[in-house]
Amino acid sequence: FPFRSDFFWRMFLFSFFSFGVALAIFYLGLLFLSILNSKSAPTDPAQNLVRAQLGKLDLLPSFLKLILPWLAMLVLWVSLNKPLVALEMLPAPKSFLHLLEQGAVVGLGVYLAWKFLIVGIVLLHLLNSYIYFGAWPFWNFIDNSARQILKLISWIPLRIGKIDFAPLVAMALVLVASEYGSLGLVWIYQRLPF
């Protein structure tokens, strides 16, 4: 394990990177909500919180916001590779092309962090569909976000009477896709360089 607990500076490095990962996941979630609700009303208080946190990033077109996490991870991977190889925390890449391939695959893995947010939004939407929690702006935001997510499977007839199975199917699809996606990325990474 590269972050050995008997070296203070390695423990500090582990803590620093752990905080960086937590912060990155938070901003990835905000970016996802910004993409998802880009056409929401400017008076939506929950979306305004997202916009306030993202600042000028929220003004980017959705396509750029979508590729931004991948691109940021690619740049971070390339820039941190040499120091981490020098600290013997990563094996050295065989070439610069190999390093770029690694960064591209690791960058795709960033999107897997969205599964928790997607499942959480859809689960809260499901609860709010059958239990009345009041007319709070938060629940309107959750319902609007979940409707945007569920549009992807709206062509499948998943409603039987008053019961809508779309949220359950969407959560299952996200979890299965993320599991196979992570296995696929590991498989590709292990076969690098191409």
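This is a predicted model: local features need pLDDT of at least 70, side-chain atom pairs count only at pLDDT 80 or more; totals for chains, interfaces and linings use all residues.
**Exercise 1.** Describe the largest pocket by volume, central residues, contributing elements and residue class.

*Solution.* 
Step 1: take the volume. The largest pocket holds about 1,100 Å³.

Step 2: find the centre. The lining counts 30 residues, and Val21, Ala24, Met73, Leu76 and Val110 lie closest to the pocket's centre.

Step 3: assign the elements. Two or more lining residues come from each of α1 (8-36), α3 (62-86) and α4 (96-109). Helix α1 gives the most, with 10 residues.

Step 4: sort by class. The lining of the largest pocket has 26 nonpolar and 4 polar residues, and no charged ones.

**Exercise 2.** Repeat the analysis for the second largest pocket, and state which element gives the largest share of its lining.

*Solution.* 
Step 1: take the volume. The second largest pocket has about 430 Å³ of space.

Step 2: find the centre. Here 19 residues form the lining. Closest to the centre are Phe32, Ile118, Ile149, Leu152 and Val174.

Step 3: assign the elements. Helix α1 gives two or more residues to this lining, as do α5 (114-130), α6 (137-150) and α7 (166-190). The largest share, 6 residues, is from α7.

Step 4: sort by class. The lining of the second largest pocket has 15 nonpolar, 3 polar and 1 charged residues.

Step 5: cross-check the element lists. Helix α1 is listed for the largest pocket and also for the second largest pocket.

Definitions and conventions
Residues are numbered from 1 along each chain as its sequence is written. Side-chain values use heavy atoms; hydrogens and water are left out. On a 1 Å grid over the protein atoms alone, a cavity is a set of points where a 1.4 Å probe fits but cannot get out, and a pocket is an open set with protein on both sides within 12 Å along at least five of seven lines; lining residues have an atom within 4 Å of a point. Grid points are joined across faces, edges and corners, and a volume is the space filled by probe spheres set on the points. Helices (H or I, at least four residues) and strands (E, at least two) are DSSP runs, numbered from the N terminus. Ala, Val, Leu, Ile, Met, Phe, Trp, Tyr, Cys and Pro count as nonpolar, Asp, Glu, Lys and Arg as charged, and the others, Gly among them, as polar.
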